[in-house]
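Subject: Handing over the structure

Hi there,

Here is the structure I promised to pass on to you. Have a look at it first, and then read on for my notes.

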Amino acid sequence: MTNTLNQPRYGLDPYKDWAAREGIPISYGVALDLFEVPLGDWARVGARGAIAHFPGSGDFCNMFVLELGAGGSTSPQQHLYEELFFVLDGRGSTQIEFSDGRRRSFEWGPRSFFAIPLNAKHRHFNGSGTQRALLASTSNLPLIIKTFHNEEFIFNTPFMFADRLGKDEYYAGEGDLYLIRQGNNFWETNFVPDMGAIALTAYGDRGAGSSNIKFVLGDGVLYAHMSEIAPATYKKGHRHMSGIHVMTLSGGGYSLLWYDGQKDFDRVDWKYGTVFPPLEGQFHQHFVTSNEPSRYVATGFGSFRYPVTEANRRISIGDPGAKKQASSTSVKDGGNQIEYEDQDPRIHALWLEEMRKSGVTPKFSAPGKLIA
Ligand SMILES: [Fe+2]
């Protein structure tokens, strides 16, 4: 055996290296307001952009922010990672082209949510000549680039995933609703025109007055669900794997985050555009202090259709035939949720104090007890 003179190469992170080479600002924080992150010229995309990283990002996903100037558009993009877009601000359209020449397009506005089918060529257009458009996306580029570590392959492969095209109506704001059980009902589509308007189904297991819907988008492996918390109430605390990018869409309030045995809670105050992915296995609980309901979208890795990891399958879906998924089963029964009656008494007291400060009348007479 001879010692080589070559530099030893090990412990590499091709995603981090790629992100640094892109030349756009990278923001990092427990919580980020995506309206506030600094943007820079992004040569690859032909627009302004940023990368958002969080301690709770997990191993598989990142977020991008994309700004289209007035009348602007991106250059055509194509890549072997999945990407889910949320429109924070502005109106425009997206054109999608598959390598057999088939095209789809749709028009988006504030709170639209859509998937780029895997490796489909796509281009975003700002529909306004006077206002910018601001989009946020969640992608699994970190997983893909760490796996292949070859940019030419990831960004320049013509292969057409014909099975990802989906029905025509999936690009027209329609979809298929599948009712499985509370917390696990899902909507299959590629494009949701307004996440503020889409109907949700009751999810009382997670909190009094709570509702949600899961999404299967572009037949992909990226996960998404949207939840709504009733005005002036709060949900139960729970925990799951990292990488679930929680982004507030409406309402105001805060979340507490903590690990078992931690003396004080960590806290994030949020409003439209705030993203805060909880850490791996960290308990978190969302509190609404506004008179309007609060919706948030959660995006991450491992979809309801293709959970990919056993942790995703167990926590978000559960055993076949189980009445609940582990995500909404009490920790006392081996699950990952803290029932209202088991929560730390400081939690309700703090919320009452925050309600008093905001001048909003609480809709709970006691934890989880809705005032009729
Ligand atoms: Fe959660």
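Of the 372 residues in the protein chain, 57% are buried. Before going further, keep in mind that this is a predicted model.

**The chain as a whole**

The protein chain is built with 5 helices and 27 strands. Its radius of gyration is 21 Å, close to the 21 Å given by the globule rule for 372 residues, so the protein chain is as compact as a globular protein of that length.

**The iron ion**

Which residues coordinate the iron ion? They are H238, H240 and H284, each through its NE2 atom, at 2.1 to 2.2 Å. Written along the sequence, the spacing of these donor residues is H-x1-H-x43-H. The pair H240 and H284 links distant parts of the chain, being 44 residues apart. H240 sits in the loop between β18 (237-238) and β19 (245-248), while H284 belongs to strand β23 (residues 283-288). Both H240 and H284 are buried.

Next, take a look at helix α1 (residues 14-22) and helix α2 (residues 141-148). They pack at an angle of about 110°, and their axes are 8 Å apart. That angle makes α1 roughly perpendicular to α2. On the α1 side the residues involved are P14, Y15 and W18, and they meet L141, P142, I145 and K146 of α2. Sorted by class, this contact has 6 nonpolar residues, no polar ones and 1 charged.

**Two residues with a positive phi**

Most residues other than glycine have a negative phi. Two places to check against that are H149 and D219. H149 is not a glycine, yet it has a positive phi of about 30°. You'll find H149 in the loop between α2 and α3 (151-155). D219 is also a residue other than glycine with a positive phi, here near 50°, and its loop runs between β16 (211-217) and β17 (222-229).

Is each of them buried or exposed? H149 has a relative accessible area of 57%, so it is exposed. D219 has a relative accessible area of 18%, so it counts as buried.

**Some buried strand residues**

M63 is in strand β5 (residues 62-68) and counts as buried, at 3% relative accessibility. Leaving aside neighbours within four places in sequence, M63 is in contact with a list of residues including L34, A50, F54, T138, H245 and V275. L118 is 55 residues from M63 in sequence, and their C-alpha atoms are 17 Å apart.

L135 is in strand β11 (residues 133-139). With a relative accessible area of 0%, L135 is buried. Not counting residues up to four places away in sequence, L135 touches F64, V65, L66 and L68, as well as F85, F86, V87 and L88, and also W108, F114 and H124. F113 is 22 residues along the chain from L135, with 9.6 Å between the C-alpha atoms.

F186 is in strand β13 (residues 186-189) and is buried too, with a relative accessible area of 9%. Again not counting residues up to four places away in sequence, F186 touches several residues, among them D176, Y178, I213, F215, F304 and R305. I144 is 42 residues along the chain from F186, and the C-alpha atoms of the two are separated by 26 Å.

**And an exposed one**

K369 lies in strand β27 (residues 369-370). What makes K369 count as exposed? Its relative accessibility is 51%, and the cut-off for exposed is over 50%. Not counting residues up to four places away in sequence, K369 touches K363 and F364. Y340 is 29 residues from K369 in sequence, and 9.1 Å away in space, C-alpha to C-alpha.

Cheers

Note on methods. Residues are numbered from 1 along each chain as its sequence is written. This is a predicted model: local features need pLDDT of at least 70, side-chain atom pairs count only at pLDDT 80 or more; totals for chains, interfaces and linings use all residues. Side-chain values use heavy atoms; hydrogens and water are left out. Donors are N, O and S atoms within 2.8 Å of the metal (3.2 Å for Na, K and Ca); water is not among the atoms, so sites may look incomplete. Helices (H or I, at least four residues) and strands (E, at least two) are DSSP runs, numbered from the N terminus. Buried means under 20% relative accessible area, exposed over 50%, partly exposed in between (1.4 Å probe, protein chains only). Axes are lines fitted to C-alpha atoms, for helices over the stretch in contact, and angles run from 0 to 180 degrees between N-to-C directions. Angles under 35 degrees count as roughly parallel, over 145 as roughly antiparallel, 65 to 115 as roughly perpendicular and the rest as oblique. Contact means heavy atoms within 4.5 Å. Ala, Val, Leu, Ile, Met, Phe, Trp, Tyr, Cys and Pro count as nonpolar, Asp, Glu, Lys and Arg as charged, and the others, Gly among them, as polar. The radius of gyration is taken over C-alpha atoms; the globule rule is 2.2 Å times the number of residues to the power 0.38.
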